[in-house]
Every structure is written in C-alpha cells, then in structure tokens.
Amino acid sequence: MPHLNTAIDKIWEAVILMEDIPEPPNMGHEPPPGRRSREFCAYHCFHGHTTSNCRNVQKIILRMIDQGKLNHFLIPQQQNLPPPLEEQASGMKTRKKTYLIEVGAKAKNLYRNSILHSFRSIKDFHDNVLSRVYARDNDGKEILNLEKISPLKDWQRQPILFNAEEALGGGEMHESPLLVKPEINPKAKTDEEEDDDADAWAINMILIDPGSSVDILFYHTYKTMGKRDDELIPSTYKIYGFNGSVNKPKGEITMWIPLKSITKEIVFCIVDVESPYNALIGRPWIHNILGVASTFHQCIKFPLPQGVGIIRGDPIEGKTVMRLMSMKVKNARISEETGKRRYEKESDVKD
C-alpha cells in the first residue's frame with residue numbers, strides 16, 4: 001500500500017459513501033465457533049480478520065487511488081526528492097531532469113561490503129513460476145526451456161582491449177573496488193517521449209561486482225527515488241551475502257540505463273540492508289551489454305554501433321571505501337582481542 005494519512009478502516013468508511021461497492025460472495029459466512037476471533041471485517045461482515053487487513057478492501061482502495069479518487073488520503077512523497085541537477089546542454093534545449101543520489105562513504109554505513117550471489121532453490125519456486133521454467137517433451141520428460149539466442153551483430157563482435165596506460169597512475173597497483181555513477185531511468189521511453197526522456201537519476205556509489213548473479217538496488221535508494229512498495233514484483237529467491245547471511249528481497253523492479261545510442265533494461269532486486277553503496281550491478285546487466293569490467297583499469301568497456309563505449313569508475317570513492325573498510329576490520333580485530341584477554345583474565349580470577 002502507498003503511504004496513507006489515515007487508517008485503512010477509516011478510509012473504507014469514506015469509500016462506501018463514495019461508491020456502491022458490490023457485496024462479496026461469502027458475505028456474512030461466519031467461521032465455526034472454535035475458529036472465531038474478535039477481529040471483524042466490515043466488508044465481509046464476519047469475524048476472522050480486521051477491515052484493515054482485508055485483501056479485498058486493500059485492492060478496492062488501491063483501484064480507487066489509481067483512479068485519483070482518494071488522493072486526499074495520500075501522503076505526498078515527491079517533496080523530499082533531491083533537487084534536479086542543472087542540465088548543461090551545448091547549444092541544445094532539453095526538458096530532461098536528472099536527480100542526484102549520493103551516499104557518503106562514512107564508517108557508520110559500512111555494515112556490509114557486498115552481496116555476492118543469490119541462491120535460487122527450485123523448492124522456493126511457486127507452481128506458476130515452474131511452468132515458465134520447465135517444459136515437457138512428447139514422452140512427458142521435463143526439459144529446460146531455453147530461449148533462442150539471436151546471433152551477434154557485427155558491431156557487437158568488435159574486440160574489447162585494455163592497456164597499461166588506461167590504469168590508475170599508469171599501472172599503479174591498487175585494490176580499489178569499481179564504483180560507477182550511471183544514470184538510471186525508472187520507466188522506459190516510449191515513441192511519444194522520443195524527444196523527452198523520462199526523469200533520470202544520477203546515482204553514485206554503485207558497486208560493479210562480476211561475482212554477483214543479481215543486480216541489486218538497496219531499499220534506501222529505492223525510497224529516495226520516490227518509488228512505492230506496491231510497484232515491486234514479488235521475488236521467489238533469497239540473497240546470500242559474503243558472510244553467509246540470508247536476506248529475503250522486498251521484490252524486483254525493472255529500470256533502464258541509457259548508454260549513448262542504446263538503452264538496456266536492468267532488473268533490480270530490492271534488498272533492505274545497510275550498505276555503503278546505493279546499488280550493486282553484477283553479471284546479468286554486464287552480460288546484457290556485452291561488457292567487460294576491469295577493476296584494475298577502473299572502467300567497463302562495451303560495444304556500440306559507433307565504437308567501444310566506456311563507463312569509468314570513481315577511484316577516489318573507491319580508495320575511500322577501501323580505507324574505511326580496513327579501519328573497520330582493524331577495529332573489529334582489536335575489539336575481539338580485547339574481549340579475549342578480558343575473558344582469559346576473568347577465567348584466571350575464577351580459578
């Protein structure tokens with residue numbers, strides 16, 4: 001549900017005065033005496049759940065919100081959006097707005113360095129998902145349903161090369177992660193909007209992690225973009241972090257990243273964890289653009305019809321993150337050693 005300024009049961013009282021809502025088929029069907037509860041639904045007129053928790057009530061309210069009939073119950077979300085950047089178009093006028101999301105590399109934000117992979121267990125899939133993954137042959141045997149891969153075009157076959165001169169400091173050794181700042185569009189551009197791009201977001205602190213099998217947008221960034229939870233598509237898998245921790249994603253959403261003459265969609269998995277990054281881009285999107293990422297050269301190269309495109313990283317932010325992460329690890333070791341010495345000292349006193 002979107003952010004509302006009134007409880008759902010109170011909004012329902014206004015809804016039934018505004019529209020003639022048809023009665024549900026099971027209206028008044030009370031559950032058996034042993035299963036009854038004190039919770040009462042004003043829509044179904046029986047005990048078992050509250051009006052606020054009724055899925056039918058929520059669907060009706062969402063439909064009326066989409067129709068613009070309940071706008072006075074919505075909490076405005078756009079007022080806290082960061083101000084748009086000034087577009088500097090050389091000799092050209094543009095109506096495009098680019099919003100900026102920045103995350104400072106502060107020590108208090110460094111709870112998790114990255115999320116490496118998702119574990120997609122076949123047991124976690126629902127039946128409707130399995131029907132899209134598997135098919136059966138004439139003998140009834142299950143076979144994997146693979147999409148046909150179209151052959152690469154000539155411009156997609158051009159070589160991707162790196163040389164020593166492109167590296168930091170002409171080849172200076174470093175361990176900095178690859179952090180980029182691409183623009184992300186929340187919606188696809190239609191034919192009518194060919195000259196008027198959707199509002200874009202210039203998001204910094206995006207970690208390029210070829211070891212990740214999912215593209216992740218962290219929840220704090222998702223909310224900053226003014227997006228709602230009801231826009232998310234439910235996910236059927238869990239995310240496993242580098243330290244073995246498990247997180248259930250809040251859902252998935254499709255967005256678009258423009259790259260000069262091409263625009264590629266990216267399916268973000270929304271994860272609500274503390275992170276020094278705004279997003280994490282892994283293999284799915286990198287492979288989608290036929291890109292090659294080099295953390296040593298601090299850039300991503302990918303083919304374009306007019307040549308080889310380059311997305312350069314931000315080495316300053318990368319070094320800052322590495323320095324703060326090293327401090328965090330060092331402080332954790334000191335704390336662990338201090339606790340161990342205190343435990344040994346207490347044990348000696350007891351003996």
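1. Two strands pair if DSSP finds at least two bridges between them. Strands here are DSSP runs (E, at least two residues), as are helices (H or I, at least four), and both are numbered from the N terminus. Leucine 179 stands opposite leucine 207 in strand 11 on these terms. Strand 8 and strand 11 (residues 206-208) run antiparallel and are joined by 2 bridges.

2. Basis of the note. This is a predicted model, in which local features need pLDDT of at least 70 and side-chain atom pairs count only at pLDDT 80 or more, while totals for chains, interfaces and linings use all residues. Residues are numbered from 1 along each chain as its sequence is written, and side-chain values use heavy atoms, with hydrogens and water left out.

3. Overall make-up. The protein has 6 helices and 20 strands. Of its 351 residues, 36% are buried (under 20% relative accessible area; exposed is over 50%, partly exposed in between; 1.4 Å probe, protein chains only). Contact means heavy atoms within 4.5 Å. Among contacts with a separation of 6 or more, 63% join residues 24 or more positions apart.

4. Six strands form an open sheet in the order 8-11-17-12-16-15, with mixed pairing. Its edge strands are strand 8 (179-180) and strand 15, each pairing on one side only. Strand 15 (residues 251-259) is mostly covered, with 7 of its 9 residues buried. Strand 15 runs antiparallel to strand 16 (residues 262-271), and 9 bridges join them. Isoleucine 253 stands opposite phenylalanine 268 in strand 16. The hairpin of strands 15 and 16 has 2 residues between the strands, and lysine 260 there takes a positive phi near 55°.

5. The core. The largest nonpolar core has 31 residues. Such a core is a set of buried Ala, Val, Leu, Ile, Met, Phe, Trp, Tyr and Cys residues joined through side-chain atoms within 4.5 Å. Which members touch the most others? They are Met255, Phe268 and Trp285. Leaving out residues up to four places away in sequence, methionine 255 touches residues including Ile184, Pro186, Leu217, Tyr222, Met225, Ile266 and Phe268.

6. An open sheet of 3 strands has the order 18-19-20 with antiparallel pairing. Strand 18 (292-294) and strand 20 (307-312) are its edges, each pairing on one side only. On average, neighbouring strands of this sheet are turned by 25° against each other, direction ignored; axes are lines fitted to C-alpha atoms, for helices over the stretch in contact, and angles run from 0 to 180 degrees between N-to-C directions. Strand 19 (residues 299-304) pairs with strand 20 over 6 bridges. Lysine 301 stands opposite isoleucine 310 in strand 20.

7. Helix 1. Ile8, Ile11, Trp12 and Val15 are buried in helix 1 (residues 8-18). They lie on the same side of helix 1, because they cover an arc of only 105° around the axis (taken from the directions from the helix axis to the C-beta atoms). Helix 2 (55-66) is included in what covers them.

8. Threonine 221. This residue is found in helix 4 (residues 219-224). Threonine 221 is buried, at a relative accessible area of 0%. Beyond four places in sequence, threonine 221 touches Ile101, Ile203 and Asn278. Its C-alpha atom is separated by 9.2 Å from that of valine 103, 118 residues apart along the chain.
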